[in-house]
Amino acid sequence: MPAEPPPSTPAPLVAGRTGVRPEEEPTVVAVDLGKDFGTGRPALAGVSLAVAAGEFVAVVGPSGSGKSTLLYCLSGLEVPTTGRVLIAGTDLASLRGTRAARFRREHIGFVFQSYNLLPALSVRENVGLPARLAGHPVPRSAVDDALELVGLAGLGGASPSTLSGGQQQRVAIARVLLAEPPVVFADEPTGALDAVSGDRVLAELRTLAGRGRTVVMVTHDLEAATRADRVLVLRDGALHAELVAPTAQAVFDAVAAAAVTRA
Ligand SMILES: Nc1ncnc2c1ncn2[C@@H]1O[C@H](COP(=O)(O)OP(=O)(O)O)[C@@H](O)[C@H]1O
Ligand SMILES: [Mg+2]
């Protein structure tokens with residue numbers, strides 16, 4: 001006997017411009033994250049979120065609202081006081097030592113100003129390193145193209161220690177653009193860039209998401225935030241609002257509301 005045709009189901013909700021469906025297993029999951037540095041006020045308090053493959057999410061909020069701490073906890077560089085982080089289904093707390101390092105190397109790309117480059121290697125070697133470690137080195141011309149994209153043409157032979165903090169972060173951007181890790185965390189990736197380079201970097205991050213990577217970017221540039229599929233607004237270490245494909249004005253209003261200090 002032929003099977004009954006399945007009942008017609010309504011089209012699933014589509015989150016964001018990339019068409020990522022909420023029922024897909026998210027790549028980055030945080031459950032009730034808290035981080036207390038013992039300063040009297042927690043940096044993070046009860047943050048839960050899920051970001052799918054192919055999604056480009058921006059995190060905004062007033063200075064000190066916990067954006068960087070959230071990114072460090074999500075990427076395993078900071079251990080949360082409470083809660084859990086899962087990357088591609090793996091609880092980061094279940095990994096230790098070299099296993100943790102290997103997992104991060106294989107799954108996560110960082111664009112952080114102060115956690116970046118190997119000083120003994122040249123800029124070019126730093127950019128090509130993830131691909132080399134993964135066993136398929138990329139040609140020098142591809143590395144130089146990535147450096148040109150972030151406005152560092154001609155600096156491939158330099159030592160990272162001779163670069164400014166902003167330039168070092170651009171090396172880190174070139175590195176993730178080339179390596180295309182499954183998950184990219186970027187803290188203010190356009191902060192040290194001129195408008196044209198910033199625009200190119202945002203377009204590249206968008207492209208990475210379009211190729212199925214998960215991109216989570218902290219930014220205080222509200223225009224930049226509108227390039228994301230979804231914008232999370234942090235306030236006092238907690239999620240204050242979530243905006244899907246918002247306008248710059250909507251992001252501005254949400255951040256302004258988050259900046260109003262409690263009486
Ligand atoms: N290593 C640390 N030790 C103590 N306090 C910290 C540390 N890192 C961040 N904080 C505090 O946590 C809060 C959130 O900081 P941060 O995540 O850097 O905010 P944002 O990136 O939104 O500006 C701030 O009050 C900050 O002073
Ligand atoms: Mg910060």
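**Helix 4**

I started with helix 4, residues 140-149, in this predicted model. I looked up which of its residues are buried. They are Val-143, Ala-146 and Leu-147. I then checked how these three are arranged around the axis. They span an arc of only 100°, so they sit on the same side of helix 4.

Next I asked what covers the buried residues of helix 4. The cover includes helix 3 (123-133) and helix 5 (165-179). I also looked at what follows helix 4. Gly-151 comes after the helix, and its phi is positive, near 80°.

**Ligand 1**

I moved on to ligand 1 and listed its surroundings. Phe-37, Thr-39, Arg-41 and Ala-43 are among the residues around the ligand. The list also includes the run Pro-62, Ser-63, Gly-64, Ser-65, Gly-66, Lys-67, Ser-68 and Thr-69. I sorted this shell by residue type. Three residues are nonpolar, seven polar and two charged.

I then went through polar distances to oxygen atoms of ligand 1. For Thr-69, a side-chain N or O atom is 2.6 Å from a ligand oxygen. For Lys-67, a polar side-chain atom lies 2.8 Å from an oxygen of the ligand. Ser-65 uses its backbone: an N or O atom there is 3.2 Å from a ligand oxygen. Last, I looked up how much of ligand 1 the protein covers. On its own the ligand has 560 Å² of accessible area, and the protein covers 59% of that.

How values were computed
Residues numbered from 1 in each chain as written. Chains lettered and ligands numbered in written order. Predicted model: local features only at pLDDT ≥ 70, side-chain atom pairs only at ≥ 80, totals over all residues. Heavy atoms only, no water. Near = heavy atom within 4 Å. Polar contact = N/O pair within 3.5 Å; in protein donor to acceptor, adjacent residues only side chain to side chain. Areas by Shrake-Rupley, 256 points an atom, 1.4 Å probe, with all protein chains shown as cover. Nonpolar A, V, L, I, M, F, W, Y, C, P; charged D, E, K, R; others polar. Buried < 20%, exposed > 50% of the residue type's maximum accessible area, 1.4 Å probe, protein only. Helix = DSSP H or I, 4+ residues; strand = E, 2+ residues; numbered from the N terminus. Arc of directions from axis to C-beta. Contact = heavy atoms within 4.5 Å.
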